[in-house]
Amino acid sequence: MDVLLNNLDIFVVGFRTTLVLFVWSALFSTVLGLIVGMMRVSPVPVMRGFGTFYVNLVRNTPLTLIFFFFAFGYPKLGLPEFSYTWLAIIALSLYTATYIAEVLRSGFNTVPLGQAEAARAIGLSFVPTMTRVVMPQAFRAVIPPFMSVLIALLKNTTIAAGFSVHEAGAIRAYASERGEPAMIVLLWVAFFFIVLVMILAYIQRRLEKRWKVAR
Amino acid sequence: MRKGMTLFAVAAAAALVLSGCAGDEPPAPGGGDGEDTSNLYEVNDNVELEGSPTFDAATKAGKIKIGVKQDQPGLGYKDAVSGDRSGFDIEIARWMAASLGFSEDQITYEDIPSANREQALVNGDIDLYVGTYSITDKRKEMIDFAGPYFITGQGLLVLSDNEDIKSEDDLAGTKVCSATGSTPIQNIRENYPDATPVEFDVYSQCVDALKDGSVDVVTTDQLILLGYAAQEPDTLKVVGEPFTTENYGIGLPKGDDALRHYLNQVLTDGSDVWQGIYDATLGEAGVEAEQPSVDDY
């Protein structure tokens with residue numbers, strides 16, 4: 001307990017940054033994932049092709065490598081400057097969006113084709129077909145895998161510690177320099193991650209219950 | 001525990017990436033091939049040391065495990081191509097091993113990064129640690145230190161054409177880089193709020209960032225910075241005086257007082273050897289230094 005209380009400052013700053021990374025990345029990757037997921041089921045071949053290319057390229061690249069590019073490569077390109085925290089959010093969002101796109105696509109595919117055909121038959125175009133007919137049914141099916149992706153995102157944020165972001169993954173290095181036993185520090189870090197994941201699991205349960213329908 | 005595994009996996013992945021990108025680094029100054037310090041001391045074949053569990057276990061195994069750094073030119077450096085180790089800390093490690101009766105081929109080196117040092121000693125993964133290891137009271141709660149064998153302090157490394165930054169008073173508005181969570185960067189965070197801290201896993205990444213202009217200053221113990229400056233004197237320079245005090249010691253498992261007193265005695269008796277080692281390694285950069293007296297608490 002002393003290890004935690006004596007170093008509360010680094011724990012608070014660390015987990016606050018972790019939450020900032022998580023919330024922004026979750027938001028951006030969901031929006032981007034939605035767009036890419038819709039591209040992958042769209043009737044336009046170019047969009048389908050682009051969606052497939054993006055998912056395959058980014059999903060097959062190790063996250064550390066994507067971080068490496070944004071932390072060390074991007075600043076040399078002479079483009080608008082971002083802080084390392086924002087570069088980390090961009091890296092996490094681009095990476096996680098591919099997983100979210102695939103999760104959503106699998107959800108879209110659970111909706112029988114007849115639903116989309118019926119929507120077309122009554123004159124809805126592609127976007128209303130997706131937002132009014134397919135998505136409400138698809139979201140139900142994707143809640144568990146969607147939350148799994150978010151939990152993975154939460155844990156992936158620790159990679160940012162190696163790229164000049166002062167977050168929970170860096171707590172061990174800080175505490176260790178202050179002479180704290182690394183094992184106990186890591187157990188505390190793990191404990192807080194478990195708490196955060198349990199909150200996400202609770203949200204998942206609530207959403208599943210709320211959107212449950214008898215089929 | 002899961003977090004520990006994640007961190008380990010991340011560290012391993014990062015190490016893979018880093019090693020892939022470190023291939024173009026120039027070799028360490030002096031190279032480690034030319035310098036020969038083995039004539040300064042002899043492998044002790046009659047070690048009188050009783051009551052040291054660490055020494056007894058190492059003798060029984062016929063080899064000694066020493067934790068070192070591998071990315072600090074002039075101090076603890078491992079040549080990526082040949083695998084040869086060189087530097088002041090490495091020579092100190094060889095000297096200590098020789099005094100305990102272990103020759104060069106009986107030493108097993110382990111690359112242990114800063115954050116894992118105490119745990120490695122506590123777990124018994126290594127018998128000694130020699131690698132820019134600052135003696136602090138907090139660390140003494142978990143392990144013991146022989147020495148100090150060198151005294152340095154926080155310094156600043158800048159590009160050699162930088163005339164704006166001359167000391168720690170000029171840090172306001174600059175980007176200051178050091179290793180993640182290290183004592184120097186914690187000092188910057190707390191006492192120099194006008195400077196922007198940048199943290200990477202290892203110092204060599206900071207030095208690269210300095211050279212391409214992403215950061216303005218690299219800060220850590222001045223001795224480490226001198227190693228980099230000696231490597232590329234045309235591009236890098238060390239400015240100002242050390243503004244903290246760091247005592248480098250030799251990390252030992254907690255409670256092995258017999259070994260600690262023995263090594264302290266070796267350091268005290270061997271001032272000629274110390275000077276010889278210094279002159280053959282860091283002394284080549286042209287900075288004089290004296291051996292500090294040991295603190296045999």
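**Chain contact, helix packing and domains in a predicted model**

The contact between the chains takes 29 residues from chain A and 30 residues from chain B, two residues being in contact if their C-beta atoms, placed from the backbone, lie within 7 Å. This is a predicted model, in which local features need pLDDT of at least 70, side-chain atom pairs count only at pLDDT 80 or more, and totals for chains, interfaces and linings use all residues. Residues are numbered from 1 along each chain as its sequence is written, while chains are lettered from A and ligands numbered from 1 in the order in which they are written.

**Side of chain A that touches chain B**

- α4 (63–73), α8 (171–177) and α9 (182–210) of chain A each supply at least two residues of this side; helices (H or I, at least four residues) and strands (E, at least two) are DSSP runs, numbered from the N terminus.
- The largest share, six residues, comes from α9(A).
- By class, this side of chain A has 16 nonpolar, eight polar and five charged residues. Ala, Val, Leu, Ile, Met, Phe, Trp, Tyr, Cys and Pro count as nonpolar, Asp, Glu, Lys and Arg as charged, and the others, Gly among them, as polar.

**Packing of α2(A) and α3(A)**

- The axes of helix α2 (residues 8–41) and helix α3 (residues 45–59) of chain A come within 7 Å and cross at roughly 130 degrees. Axes are lines fitted to C-alpha atoms, for helices over the stretch in contact, and angles run from 0 to 180 degrees between N-to-C directions.
- α2(A) and α3(A) are therefore oblique to each other (under 35 degrees is roughly parallel, over 145 roughly antiparallel, 65 to 115 roughly perpendicular, and the rest oblique).
- A:Val36, A:Met39 and A:Arg40 of α2(A) make the contact, with residues of α3(A) that include A:Met47, A:Phe50 and A:Tyr54.

**Domains of chain B**

- Chain B is assigned domain 1 (48–152 + 247–285) and domain 2 (154–239); the bounds come from an automatic or database domain assignment.
- The C-alpha centres of the two domains of chain B lie 27 Å apart.
- In chain B, 12 residues of domain 1 are in contact with 14 residues of domain 2.
- On the domain 1 side of that contact, β2 (71–72) and β7 (143–152) of chain B each supply at least two residues.
- That side of domain 1 of chain B has five nonpolar, five polar and two charged residues.

**Confidence in chain A**

- Chain A has a mean pLDDT of 90, and 99% of its residues reach 70 or more; pLDDT is the predictor's confidence in each residue, from 0 to 100.
- Among the elements of chain A, helix α1 (residues 2–6) has the lowest mean pLDDT (83) and α3(A) the highest (94).
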